Amino acid sequence: GEANSEGMEVDVTGKVTHKLNLIASYTYNHAVITKNNSGLEGNRFPHVPLHSGSLWATYDITKAFTAGAGFFTSGKRPGDNQNTFDLPAYTRVDAMARYAFKIAGLHLSAQLNVNNIFDKKYYVSSNLLDGIPKANLLQGAPRMFFASLKAAF
């Protein structure tokens, strides 16, 4: 088969003050099935929301310490090719903290990220299981912590 996707994506990045940075995005994506041997032409393409977006902010508390938070949101979207059900809309909130420092002339930064802070249960897609589309909904990641250490030479 074939599908067609038409829409727009807008991203805006800016330094609001000397300490506050923002990144915002919005996507409108009208994705439909255009050719199919099963008569599904005109159905919305599965797992693709019509509207989605995000907003992320970081704030430099000191020269060394930065904190940030933001969210990603996805509108409802078809759960299967037949458009028999929709996966629900969701919003996930993430945050980070970074500390930059020098040791022996080496520039280092330690960062902690927390994704899905509120441990929100949400669904990213679905798979057909014996022809029953709702039988296998794929959940999004639960609350996760990531730590990293970067070195710049």
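## Aromatic residues

F72 is partly exposed, at a relative accessible area of 27% (partly exposed lies between buried, under 20%, and exposed, over 50%, with a 1.4 Å probe and protein chains only). Y90, in contrast, counts as buried at 9% relative accessibility. The model is predicted: local features need pLDDT of at least 70 and side-chain atom pairs pLDDT 80 or more, whereas totals for chains, interfaces and linings use all residues. Residues are numbered from 1 along each chain as its sequence is written, and side-chain values use heavy atoms, without hydrogens and water.

## Ring pairs

The protein has 3 aromatic pairs, where rings of Phe, Tyr and Trp (its six-membered ring) pair if their centres lie within 6.5 Å; planes under 30 degrees apart are stacked, over 60 edge-to-face, and the rest tilted. The ring centres of F72 and Y90 are 6.1 Å apart with planes at 50°, so this pair is tilted. Because F72 lies in strand 4 (residues 65-74) and Y90 in strand 7 (residues 90-103), the pair ties together parts 18 residues apart in sequence.

Y99 and F101 form a stacked pair, because their centres are 5.8 Å apart and their planes at 25°. Y99 is partly exposed at 44%, as is F101 at 26%. Ring pairs also link F72, Y90 and Y122 into a cluster.

## Overall fold

The protein comprises 0 helices and 11 strands (DSSP runs numbered from the N terminus: H or I of at least four residues for helices, E of at least two for strands). Along its principal axes, the C-alpha trace spans about 65 × 30 × 30 Å. Of the 153 residues, 26% count as buried.
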